[in-house]
Amino acid sequence: MKNFWRCHVCGDIHFGLKPPEVCPTCSVEHAYVEIPSGEALNIQSGTKTETDRMGFLKAITAFAENNAFQVNPDRERVDMLLDGVFSNEKNHGLKYCPCRLRTKDFEEDIKLVCPCNFRIHETYKDKVDGECWCGLFIKRSDK
Amino acid sequence: MSKLIMFHGKECPHCRRMMPLVEKLEKEESVSFDKLEVWHNEQNADKMRSFKDLIEPKCGGQLRTPTFINTDTNGVLCGEVPYDKLKEWTLS
Ligand code: SF4
């Protein structure tokens, strides 16, 4: 089962089966200690971060920048999907994919949080003009 | 008469595209789909989840929208498809 880990030097939080060997922020080796989810939650709630629509769009655009995909230039489609992602967050707690339904099994449903691991979707992989199941991300033609 | 359901999401672009095709088919072939929105209606969502074992093998192992299901034959059709494919599936 995945757990939370905190870098005892710089405070980075990691969620996973095991912590990074080297902290990506402060570069210290073997710096992570396992913490309970409540501690991770308290650290999170004490930290103000941008969660609005523009912030999300900026984040996914930056995320796509160094990858072989981009945010779909079809603004209308993106707007509709962001409506869904944000209403799902409001109504169901996380930015769930608007084109798939959560099963109510948390471990499964975490895989539906946008952006998901769409590189494994048959609509994306092995396709020249592949896209995530919803079409929020599309393959770049120049990569 | 067979029982046809369309599970869809309000903010799902595939569902938005399929809706007029479903309505066209309903008019042309006198069939009728129960159109159940699943992200804003928990009862509909639970109904979709109740067909999990039927839907997942046909929909990439997930509860994707839109999903069409015939509860008499247990037939399942998943995603955005051309009108002819929807028609063929519905009438088969
Ligand atoms: S399929 Fe696309 S829109 Fe849906 S969660 Fe994945 S990345 Fe987001």
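Two strands pair if DSSP finds at least two bridges between them. Strands themselves are DSSP runs (E, at least two residues), as are helices (H or I, at least four), and both are numbered from the N terminus. Before you click: this is a predicted model, where local features need pLDDT of at least 70 and side-chain atom pairs count only at pLDDT 80 or more, while totals for chains, interfaces and linings use all residues. Residues are numbered from 1 along each chain as its sequence is written, chains are lettered from A and ligands numbered from 1 in the order written, and side-chain values use heavy atoms, leaving out hydrogens and water.

**Stop 1: a strand in chain B**

Select residues 4-8 of chain B, which make up strand β1. Five of the five are buried (under 20% relative accessible area, with exposed over 50% and partly exposed in between; 1.4 Å probe, protein chains only). In a regular strand the side chains alternate between the two faces of the sheet. Here Leu4(B), Met6(B) and His8(B) sit on one side, with Ile5(B) and Phe7(B) on the other.

Pick Ile5(B) and you'll find its bridge partner, Ile69(B).

Next, show β2(B), residues 33-37, which pairs with β1(B) in the parallel sense over five bridges. Leu4(B) has Phe33(B) as its bridge partner there.

**Stop 2: rings in chain A**

Hop over to chain A and select Phe63(A), Phe69(A), Phe118(A), Tyr124(A) and Phe137(A), which form one aromatic cluster. Rings of Phe, Tyr and Trp (its six-membered ring) pair if their centres lie within 6.5 Å; planes under 30 degrees apart are stacked, over 60 edge-to-face, and the rest tilted.

Centre the view on Phe137(A), which is buried at 1% relative accessible area. Its ring and that of Phe69(A) have centres 5.5 Å apart and planes at 75°, so they're edge-to-face. Phe69(A) is in strand β4 and Phe137(A) in strand β5, 68 residues apart.

**Stop 3: charges over rings**

Which ring does Arg64(B) lie over? Select Trp133(A): Arg64(B) is over its face, 4.4 Å from the ring centre. That counts when NZ of Lys or CZ of Arg is within 6 Å of the ring centre and within 35 degrees of the ring normal. Finish at Tyr83(B), where Lys24(B) lies over the face at 4.0 Å.
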